[in-house]
Amino acid sequence: MSKKCRTCGKAEMTSRAETYLYTESGLPNIVLVSVEVRRCPSCGHHELVLPRVAELHRTIAHAVIRKRARLSGPEVRFLRKYLGWSGADFARHVGVDPSTVSNWENDKDPIGPASDRLLRLMVAHGATVDDYSLEELTKIENERQPPIEVRVSPKARGWEQVAA
Ligand SMILES: [Zn+2]
């Protein structure tokens, strides 16, 4: 199944499996091995054929969070986008100014260790904006309160929280 190049229209695209530097990810060193790349022999236009993109990005994200050094700016941006957060979302969730997130992502300032860990944990736990009520966490008041009371009772299959 061949087709004409969409860019120049002069030639048929060729297709073959390649080792491909996936800079479209926003990360500089992601190498895709044996992926289909279609190229135009006339103008050089190429198209990357990526099956199961969500799974690919999950695999990359989980590799990034195992890095044994502070996250780089592009890594912060990749993980933040992977979670489906805008820069403003991420700033609100970690409790910093949006310009701070921008500085992290552009390597102007290193990400703080607590924010680095939070970002990794969110990825590790598969959290997304939709299934996590982090909005509630951002409303936590700073005033001192006594420790909360939690009442739990043993049940047949574990423990259950019960009303006061
Ligand atoms: Zn072409």
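The model is a predicted one, in which local features need pLDDT of at least 70 and side-chain atom pairs count only at pLDDT 80 or more, while totals for chains, interfaces and linings use all residues. Residues are numbered from 1 along each chain as its sequence is written, and side-chain values use heavy atoms, leaving out hydrogens and water.

Of the 164 residues in the chain, 27% are buried (under 20% relative accessible area, with a 1.4 Å probe and protein chains only). The secondary structure comprises 6 helices and 5 strands (DSSP runs of H or I with at least four residues, and of E with at least two), arranged along the sequence as β-β-β-α-α-α-α-α-α-β-β.

A zinc ion is held by the SG atoms of C5, C8, C40 and C43 at 2.2 to 2.4 Å (donors are N, O and S atoms within 2.8 Å of the metal, or 3.2 Å for Na, K and Ca). Angles of 106 to 115 degrees among the 4 donor atoms make the site tetrahedral (four donors, all angles between 85 and 135 degrees). Because C5 lies in the segment before strand 1 (14-21) and C40 in the loop between strand 2 (31-39) and strand 3 (46-49), the pair ties together parts 35 residues apart in sequence. Both C5 and C40 are buried.

Ring pairs also link W85, F90 and W104 into a cluster (ring centres within 6.5 Å, using the six-membered ring of Trp).

Methods:
Rings of Phe, Tyr and Trp (its six-membered ring) pair if their centres lie within 6.5 Å; planes under 30 degrees apart count as stacked, over 60 as edge-to-face and the rest as tilted. Four donors count as tetrahedral if all angles lie between 85 and 135 degrees; four count as square planar and six as octahedral if opposite donors are over 155 degrees apart and all others between 65 and 115; anything else is irregular. Buried means under 20% relative accessible area, exposed over 50%, partly exposed in between (1.4 Å probe, protein chains only).
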